[in-house]
Amino acid sequence: MTEPRVSSIGDLDLTAEQKQLVASVERLTRRFTRAEFLRCHREGRFPEEVWRELATLGVLGITVPEAYGGAGLGIQELALVEETLARAGVPIVLLVVSPGLGAIVVSRHGSEEQKRRWLPGTATGATKFCFAITEPDAGTNTFKIRTMARKVPGGYSVSGQKSFITGIDVSDHMLLVARTSPLDPAHRTRGLSLLVVDTKAPGISRTRIDTQVCKVETQWAVFLDDVFVPDGDLIGEAGRGIRALFDGLNPERILVASMCIGLGEYVLDKGVEYAKGRQVFEGPIAAYQAIQHPMALAKAHLELALLMNRRAARLFDGGEAAGPAANIAKLAAADAALEAFDISLQAHGGNGFTSDYDLLDIYSFLRLQRTAPVSREMILNYIGEHLLGMPKSY
């Protein structure tokens, strides 16, 4: 007897509550379609109405503890949301940095007063976080950042420049990585601090960076000129923000992997449906092994990435070391999604290069994920050093 078709092996392990969450987000994507996503991108407009609907569904409070108005769940559930949106062709990057990175860092490392101040608004969608770590001259070398937070009475005076800051134009707060003491080459991780900065604070200016990536968030260069940040807006201890930082970066990798997996499934489905209906000689081209085998291989690689990503999310939610799994998941998901894109484009032939079939816009987003938020090369460095025990290469 032929087994029933399974759309995703990873989905077989979902709980009833997780399946209900996926179904709710799928209903939302029937209104927030790919066509609407593209319209927002062309207009440079963030879909605020969709953000409010996500808040109503409880999505924005998934990682917020119940005591502060959230669902008290974990990165597993937020990753499911990102994956489901991307499977419909509508990835929302701000979910990575607001209920993802921002809410998790505050929940795990913020003071009681900070949690009361910022988490309820995050859960309702009234408060959005963006994340500011990248600098023009530091790039991947976070320890080399030059933005300085100088101690002054009552707080810190922050000066410096950040680049490729996603969604600061629609965000209320910026989770900022800055140095509170100069770089000590012998102890590179010391001196880094996390500050929550009001995006409207005096001394902050920004310039939009025009990218050729199809998404609903915009990118900005941000300039800070003696921006005052109160003592109460420092997360944790000054100069020792590295632990809190990595508690944000591992979820970032997991959520980016979720977007890649979802979009990989989206483009692969487009290719499969096109191939099943396209006839050139005799029968559909989907029957040709030159088409079918690469598509089957892409599907297998997407499933493998999904399983690793689910493993990473469970480790993180359980308070265990998630770095190796999160990095491998992000690497595998970006590669698998691009593999799925390539065979889908090839199956479409010349049609794949027309706007009617909406493929090339997806490529720019997927290709970016090999570069950001952490490059493929740095992940391989991490695996070489931490999993294989090889000498540090950078």
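This note goes through the nonpolar cores, the aromatic pairs and the charges over rings in a predicted model.

1. The largest nonpolar core holds 99 residues, and within this core Val-59, Ile-92, Leu-95 and Phe-131 touch the most other members. Helix α7, which spans residues 242-277, supplies the largest share of this core, with 16 residues. Apart from it lies another core, made of 20 residues, including Ile-165, Leu-176, Ile-204 and Val-229.

2. Leu-95 is worth looking at on its own. When residues up to four places away in sequence are not counted, Leu-95 touches, among others, Trp-51, Leu-54, Val-59, Leu-78 and Leu-255.

3. A search of the whole structure finds five aromatic pairs. In one of them, the ring centres of Tyr-274 and Tyr-357 are 5.7 Å apart and the ring planes stand at 85°, which is over 60 degrees, so the pair is edge-to-face. Because Tyr-274 lies in helix α7 and Tyr-357 in the loop between α9 and α10, the pair ties together parts that are 83 residues apart in sequence. Tyr-274 counts as buried at 13% relative accessibility, whereas Tyr-357, at 30%, is partly exposed.

4. The rings of Phe-341 and Tyr-363 have centres 5.3 Å apart and planes at 40°, so this pair is tilted. Phe-341 belongs to helix α9 and Tyr-363 to helix α10, 22 residues apart. Phe-341 is buried, with a relative accessible area of 4%, while Tyr-363 is partly exposed at 35%.

5. Two charged side chains also lie over rings. Arg-108 lies over the face of Phe-316, at 4.0 Å from the ring centre, and the charged end of Lys-151 sits over the ring of Tyr-156, 5.2 Å from its centre.

Key. Residues numbered from 1 in each chain as written. Predicted model: local features only at pLDDT ≥ 70, side-chain atom pairs only at ≥ 80, totals over all residues. Heavy atoms only, no water. Core = buried A, V, L, I, M, F, W, Y, C linked by side-chain atoms within 4.5 Å. Buried < 20%, exposed > 50% of the residue type's maximum accessible area, 1.4 Å probe, protein only. Helix = DSSP H or I, 4+ residues; strand = E, 2+ residues; numbered from the N terminus. Contact = heavy atoms within 4.5 Å. Phe/Tyr/Trp six-rings, centres within 6.5 Å; stacked < 30°, edge-to-face > 60°. Lys NZ or Arg CZ within 6 Å of the ring centre and 35° of its normal.
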